[in-house]
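The tour below goes from one selection to the next.

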Amino acid sequence: MSEMLVPTQTSEPSLDDPRALYCDLLKKALTRYVFRETWMPYHPRQGSLHGRILQRGRHLLQRKGLELVLQFPFDEEARATGRDWPPEAETMIGLRRLDNLERCVKDVLERGVPGDLIETGVWRGGAVIFMRGMLRAYGDRDRTVWVADSFRGLPKPAAHRVEDVEDALWQVPFLAVSLEQVKANFERYGLLDGQVRFLKGWFSDTLPTAPVEQISVMRLDGDLYDSTMVALRSLYPKLSVGGYVIIDDYHAVRGCKQAVDDFRAEHGIEDELHQVDWTCRYWRRSR
């Protein structure tokens with residue numbers, strides 16, 4: 001496996017290229033790296049004493065326009081490497097993975113690799129907002145950014161997917177973001193238009209029949225084994241030679257890594273897996 005680590009400090013964009021400057025600012029805004037979040041909502045564990053007290057008093061707080069918050073200790077390295085769960089940012093993948101996404105998209109644009117861009121599992125939409133921003137910056141009016149998500153969190157895994165059951169990510173409300181909120185996030189950046197299309201529902205229901213004809217960059221962030229596998233089986237046949245597969249959770253979620261390894265073995269894929277950071281991996285399709 002190639003050790004292609006992105007430097008901890010993000011590279012400064014060329015002052016002669018306004019497109020790169022825009023993309024750099026967009027990355028830092030989407031991650032809140034430039035704004036530095038300082039507060040986070042207080043959500044005590046459901047059923048705990050604090051949780052019961054807050055539930056009883058919530059209507060009083062709402063009536064006065066108040067919310068309980070905690071100080072949020074912003075950590076530059078954690079935000080750069082996607083190791084924290086941001087209170088407000090539109091993405092949790094961090095600067096390094098956005099740098100990787102920028103290089104992949106820029107490369108397919110410069111080499112004329114045909115196909116749309118897609119992310120499966122978008123959370124608040126940060127990565128797909130960035131994809132659309134790049135197309136706008138580089139003047140591409142032909143490609144579509146596909147936004148695939150259930151918009152209600154992760155599905156409960158099958159009982160025999162032991163690792164996914166143990167990780168219990170489907171039980172985390174923080175990971176459930178509505179379609180309306182994701183659209184509002186696109187609008188916040190002025191990037192919701194006809195080049196953005198949404199695929200709402202479980203991947204097993206939407207991806208096999210998705211009206212996507214050709215892909216140049218596919219970014220998978222579905223976490224679970226079955227979610228990752230159905231995305232690979234449905235989308236990889238549409239990936240152009242020279243296009244990119246980016247796996248967000250390869251070393252963070254056991255089920256995701258197993259699905260990728262199984263798929264590559266089944267299809268005899270020997271293209272080198274490159275390392276982006278502590279978890280993310282990608283490869284470029286050679287044939």
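A residue counts as buried when its relative accessible area is under 20%. The model on screen is a predicted one.

**First stop: two loops.** Select aspartate 223, in the loop between β6 and α9 (225-235). Is aspartate 223 buried or exposed? Its relative accessible area is 10%, so aspartate 223 is buried. Now look at the backbone: phi of aspartate 223 is near 70°, a positive value in a residue other than glycine. Most residues other than glycine have a negative phi.

Go on to phenylalanine 151, which lies in the loop between β4 and α6 (162-167). Phi is positive here too, near 60°. With a relative accessible area of 6%, phenylalanine 151 is buried.

**Second stop: the sheet.** Colour the strands. Seven of them form an open sheet with mixed pairing, and the order to follow across it is β5-β4-β3-β6-β7-β9-β8. At the edges are β5 (196-200) and β8 (274-275), each of which pairs on one side only. Strands of a sheet pair through backbone hydrogen bonds, either parallel or antiparallel.

For one pair in detail, select β3 (residues 116-120) together with β4 (residues 145-149): they run parallel, with four bridges between them. Which residue of β4 is the bridge partner of leucine 117? It is valine 145.

Select arginine 132 in helix α5 (residues 126-137). Its relative accessible area is 2%, and arginine 132 is therefore buried. Beyond its neighbours within four places in sequence, arginine 132 is in contact with Val145, Phe186, Leu191, Asp193, Gln195 and Val196. Val145 is the valine paired with leucine 117. Glutamine 195 is 63 residues from arginine 132 along the chain, yet their C-alpha atoms are separated by 7.7 Å.

**Last stop: cysteines.** Show the cysteine side chains. How many disulfides are there in the whole structure? A search finds zero. A disulfide is a covalent bond between the sulfur atoms of two cysteines.

Take cysteine 256: the closest cysteine sulfur belongs to cysteine 280, 9.4 Å away, so the two are too far apart for a bond. Cysteine 256 counts as buried, at 2% relative accessibility. End with cysteine 23, which is buried with a relative accessible area of 0%.

Technical notes:
Residues are numbered from 1 along each chain as its sequence is written. This is a predicted model: local features need pLDDT of at least 70, side-chain atom pairs count only at pLDDT 80 or more; totals for chains, interfaces and linings use all residues. Side-chain values use heavy atoms; hydrogens and water are left out. Buried means under 20% relative accessible area, exposed over 50%, partly exposed in between (1.4 Å probe, protein chains only). Contact means heavy atoms within 4.5 Å. Two strands pair if DSSP finds at least two bridges between them. A disulfide is a pair of cysteine sulfur atoms within 2.5 Å.
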